[in-house]
Amino acid sequence: MTIPGSWLPLVRAGMWLAFTVGGLCAAAVAAVPLIGGVWGVPPRMLDQLGVFPWLLAASVLLIAVGQSATSVLVALGHSAQVMRSGMLGTAVSVTLSVLLVGEPGTLPSHGLTGAGVAILTSTLTRCAAARCSPAAASVPGDPIHARYCGSPEWGCRSPGRCW
């Protein structure tokens, strides 16, 4: 199924909006240590955050862009692909949360950094699954899909999968 020609400006505007709003929100999340310092949070507490705000900021941007793609997929009737990408992202999140944060067996806990890696990886997986679906290939001239998932005409290099 291809996107009707009259939808293309709307889809492209939606992606720009996702990048703009997602970028602003990601900047706000990344600025949490700075904002906390302004509001009087002790520096030793802010130092405990480590790279977590940066990992979360990247996730926020990916979520914004991913939701734009999933909205188009739902509008085109590909809600099953959205469900599959969501389930895959959830499975990655649960698995990595247990492995990186939960201290299973003899593995060490990585605390907030492990949680941030789990969130970012889960979000990236969900976005990749949505963006690299055959349905996402129906946007003519989509540079993201063409570069990372195969040709824009035929979708992913292998049928229905990009990984």
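Mentor: Let us begin with a definition: buried means under 20% relative accessible area, exposed over 50%, and partly exposed in between, with a 1.4 Å probe and protein chains only. This is a predicted model, in which local features need pLDDT of at least 70 and side-chain atom pairs count only at pLDDT 80 or more, while totals for chains, interfaces and linings use all residues. Residues are numbered from 1 along each chain as its sequence is written, and side-chain values use heavy atoms, with hydrogens and water left out.

Trainee: Why is Cys127 called buried?

Mentor: Cys127 has a relative accessible area of 10%, and because buried means under 20%, Cys127 counts as buried.

Trainee: What makes Cys25 partly exposed?

Mentor: Its relative accessibility is 38%, a value that lies between the limits of 20% and 50%, so the term is partly exposed.

Trainee: How many disulfides are there?

Mentor: A disulfide is counted when a pair of cysteine sulfur atoms lies within 2.5 Å, and by this rule the count comes to 0.

Trainee: Why is Gln48 called exposed?

Mentor: Gln48, found in the loop between helix H3 (43-47) and helix H4 (52-75), has a relative accessible area of 62%, and exposed means over 50%, so the term applies.

Trainee: What makes H4 roughly parallel to H6?

Mentor: The axes of H4 and helix H6 (residues 111-131), lines fitted to C-alpha atoms over the stretch in contact, come within 9 Å and cross at roughly 20°. Angles under 35 degrees count as roughly parallel, so H4 is roughly parallel to H6.

Conventions
Helix = DSSP H or I, 4+ residues; strand = E, 2+ residues; numbered from the N terminus. Axes fitted to C-alpha atoms, helices over the stretch in contact; angles between N-to-C directions. Parallel < 35°, antiparallel > 145°, perpendicular 65-115°, else oblique.
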